[in-house]
Amino acid sequence: MSFSKWVVLVFVLHLFNPSLVRFCYGSSSSTGFSDIPKKLLDVAKKKEFFDWMVGIRRKIHENPEMGYEEFETSKLIRAELDKMGIKYKHPVAVTGVVGYIGTGEPPFVGLRADMDALAMQEMVEWEHKSKIPGKMHACGHDAHVTMLLGAAKILQEHRDELKGTVVLIFQPAEEGGGGAQKMIQGGALENVSAIFGIHVAPKFPVGQVFSRPGPLLAGNGFFEAVISGKGGHAAIPQHSIDPILAASNVIVSLQHLVSREADPLDSQVVTVAKFQGGGAFNVIPDSVTIGGTFRAFSKESFSQLKRRIVEVITGQAAVQRCNATVDFPSIPFPVAINDKDLHAFFETIAGDMLGKNKVGIMQPIMGSEDFSFYQEVIPGCFFFLGMHNETLGTMENGHSPYFTVNEDALPYGAALHSSLALRYLLEFQPKISTPVEKHHDEL
């Protein structure tokens, strides 16, 4: 049965008995919609469609832009939406774009892609290498934008059949800039009842997806401390107050926050990754700057770590007769928690498209994602899309200058985005209280 016939069937069923098309999350293939994801994947895999996506992704990859500087990327997105006839809001959060497909009426479902690049030099030599020195799409955001544009193209072609509204969220500044938070403040989630997000994963096989219900990614914060003493000659340390010694004790003590204060079953991390102090072999500096990250899977543990980091740094510095100031320079990311019902719904859609054996449950990881800001406001589901192909050799993880994207994954992302949105709108129509008899009369 064709896609359009399925939609007609849904409409007729709704007229006779609206309860027949009110389904629960995670509904099984018995709903009659199970072939939609495969049909959309077939569309996304067509050569013309695939080549178009590859072209989009390569243009973005060649011109990486940092957070809140994604002006050309935003321009490209808007140009493609204009070609498709999709209405949008811009600017949202400086460079963000929010598009709308469908009726303009409830239910509203959101699909999100991040746009920003990283400050690193690309080391992969290929035809479409970054043209901007010191900047690179090393986390797959170029692929994320491409897949959402692909989904937009699919959904726009079926816009008259959508039973609600799809909200396309092209977000700036995921890499530490709090872009999701500013998109929310700009009204991106207005009327939206659920949201989905994808991240490419080089270590998972192409054509497979992985996620989990509940906590998926850790909450993440950064800290920086300046430990001040009294500089002097290294040969007469008794006349100095050594901030390097104080900072060394601070670093050791910070490790005890996890090893001796945290529940071993409650995963937490404190890492000092920055240590700057002194510039000569025989001079004790006046001050030392250290910095790092702390992560946890609950708000309580995260708050406890933050409080204790301040206490340990200032306390240990005082033991060594130094003063210390502690700063938390960026917006902390909340824990990314997948809504259990939405995750079950995702598993159903992905299983219908890829086969249930291609939908995996993964362990929580200490990485973080600002998609979590959306999940604090509305139910959301974030998942990882495999890219690995053994014939292509080893693929590096994100944030590596050798990171690459397997473009064969693009159709899967576009089809999953569009399937999740389309099926969500079909399966979550609000109940109609009008008597059944009236619907019969209208027929």
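## Charges over rings

A charge sits over a ring if NZ of Lys or CZ of Arg is within 6 Å of the ring centre and within 35 degrees of the ring normal. In this predicted model, local features need pLDDT of at least 70, side-chain atom pairs count only at pLDDT 80 or more, and totals for chains, interfaces and linings use all residues. Residues are numbered from 1 along each chain as its sequence is written, and side-chain values use heavy atoms, without hydrogens or water.

Lys 153 places its charged end over the ring of Trp 52, 4.7 Å from the centre.

An open, mixed sheet has 8 strands in the order S1-S2-S4-S3-S5-S16-S6-S15. Strands (E, at least two residues) and helices (H or I, at least four) are DSSP runs, numbered from the N terminus. Two strands pair if DSSP finds at least two bridges between them. Strands S1 (87-92) and S15 (359-361) are the edges, each pairing on one side only.

S6 (residues 209-211) and S15 run parallel, joined by 3 bridges. Phe 210 has Gly 360 in S15 as its bridge partner.

## Aromatic pairs

The structure holds 13 aromatic pairs. Rings of Phe, Tyr and Trp (its six-membered ring) pair if their centres lie within 6.5 Å; planes under 30 degrees apart count as stacked, over 60 as edge-to-face and the rest as tilted. Phe 346 and Phe 383 are stacked, with centres 4.5 Å apart and planes at 25°. Phe 346 lies in helix H9 and Phe 383 in strand S16, so the pair ties together parts 37 residues apart in sequence.
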